[in-house]
Amino acid sequence: MDLALVLGAGGLTGIAWHLGLLAGLREQGVDLTGADLIVGTSAGAVAGALLAGGLDPVDAARLEARLTDADPPMQPDWARGTEVFGLLNDTERDPASVRAAVGTLALAADVVAEEPYVIALGRRLPSHDWPDRPLLITAVDAATGHPVTWDRTSGVPLDRAVAASCAVPCIFPPVTMNGSRYMDGGVRSLTNADLATGAARVVVLSPLSPTRTRARGTTDAELDTLRRDTRDTRDSRDARATRATLVVPDAEALDALGSNVFDATRWDPAFDAARAQGHRVAPAVSAACFA
């Protein structure tokens with residue numbers, strides 16, 4: 001496998017940032033949309049499904065971002081959500097126990113009903129069939145805290161896999177598949193970049209990394225692991241470390257994204273700012289991963 005594209009968590013505005021950045025990079029001659037593997041977590045699961053399904057990032061940005069009368073209203077459980085935020089920022093606890101505790105809160109949360117949520121998200125995807133291109137979608141089992149990864153061989157519907165990966169605890173409900181309920185893949189990692197192990201080149205896009213400094217440590221560790229990884233060759237002297245690079249929103253993009261990742265009025269500004277950022281960072285991304 002040559003190129004892997006890792007798309008991280010980031011809410012609604014994070015989807016717009018992913019698509020805008022990829023559009024801007026391509027316009028400067030750095031086209032990541034044809035990656036051999038796409039790894040999608042939460043917002044990245046939506047963007048990844050759109051791209052792997054064959055949509056151009058500019059066309060994909062026409063996604064109906066705003067809620068309509070056909071969608072259930074958001075109904076966050078702020079009391080439990082505050083507990084979740086505290087758990088995810090607790091560096092003293094074992095990550096597995098944190099995920100399990102977050103799952104307990106997610107399952108108990110008083111939020112929108114599951115099926116209307118899945119339908120609302122699913123109607124924004126161009127297809128509910130898995131694409132032929134390799135696409136990995138991440139989630140976490142809410143009952144056990146165990147991370148899971150799905151692809152087209154996993155026997156789960158694409159729309160439900162994406163909805164599960166986007167099921168932010170205490171904002172959206174865990175999604176049921178095969179007798180288990182699953183929540184946001186970002187609970188395990190903002191990016192799950194380690195799933196790209198084996199790729200010669202990895203580009204990681206993480207819209208939340210600048211604002212989630214403790215979680216950024218997990219992403220940095222995953223990148224370090226990737227860079228130490230070598231591809232199997234007949235002669236170990238020919239083994240080459242993975243070339244991995246991380247792109248996060250710059251100051252202009254952060255201003256456009258705003259502080260509320262579910263603010264649909266920020267969709268167009270986030271896309272436009274990310275597109276401009278793509279123009280600015282294209283030389284650095286090209287040099288880091290392609291030179």
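Which residues in α4 meet which residues in α5? The legends below take up this question and then turn to other close-up views. This is a predicted model, in which local features need pLDDT of at least 70 and side-chain atom pairs count only at pLDDT 80 or more, while totals for chains, interfaces and linings use all residues. Residues are numbered from 1 along each chain as its sequence is written, and side-chain values use heavy atoms, with hydrogens and water left out.

**View 1. Helices α4 and α5 in contact.** Arg 80, Glu 83, Val 84, Leu 87 and Leu 88 in α4 meet Val 98, Ala 101, Val 102, Leu 105 and Ala 108 in α5, where contact means heavy atoms within 4.5 Å. By class, this contact of α4 with α5 has eight nonpolar, no polar and two charged residues; Ala, Val, Leu, Ile, Met, Phe, Trp, Tyr, Cys and Pro count as nonpolar, Asp, Glu, Lys and Arg as charged, and the others, Gly among them, as polar. The axes of α4 (residues 78-88) and α5 (residues 95-108) come within 10 Å and cross at roughly 170 degrees, and the two helices are therefore roughly antiparallel to each other, a term for angles over 145 degrees. Axes are lines fitted to C-alpha atoms, for helices over the stretch in contact, with angles from 0 to 180 degrees between N-to-C directions. Helices (H or I, at least four residues) and strands (E, at least two) are DSSP runs, numbered from the N terminus.

**View 2. A cluster of Tyr 117, Phe 172 and Phe 262, linked by ring pairs.** Rings of Phe, Tyr and Trp (its six-membered ring) pair if their centres lie within 6.5 Å, and planes under 30 degrees apart count as stacked, over 60 as edge-to-face and the rest as tilted. Three aromatic pairs are found in the whole structure. Tyr 117 and Phe 172 form a stacked pair, 4.9 Å centre to centre with 15 degrees between the planes. Tyr 117 belongs to helix α6 (residues 114-122), and Phe 172 to the loop between α7 (158-165) and β5 (175-177), 55 residues apart. The rings of Phe 172 and Phe 262 have centres 5.6 Å apart and planes at 85 degrees, so this pair is edge-to-face.

**View 3. Ser 209 in the loop between β7 (201-205) and α8 (213-228).** At 2% relative accessibility, Ser 209 counts as buried, which stands for under 20% relative accessible area (1.4 Å probe, protein chains only). A polar contact of 2.6 Å joins the side chains of Ser 209 and Ser 206; such a contact is a pair of N or O atoms within 3.5 Å, and within protein one must be able to donate a hydrogen and the other to accept it, while residues adjacent in sequence count only if both atoms are side-chain atoms.

Key:
Buried < 20%, exposed > 50% of the residue type's maximum accessible area, 1.4 Å probe, protein only. Parallel < 35°, antiparallel > 145°, perpendicular 65-115°, else oblique.
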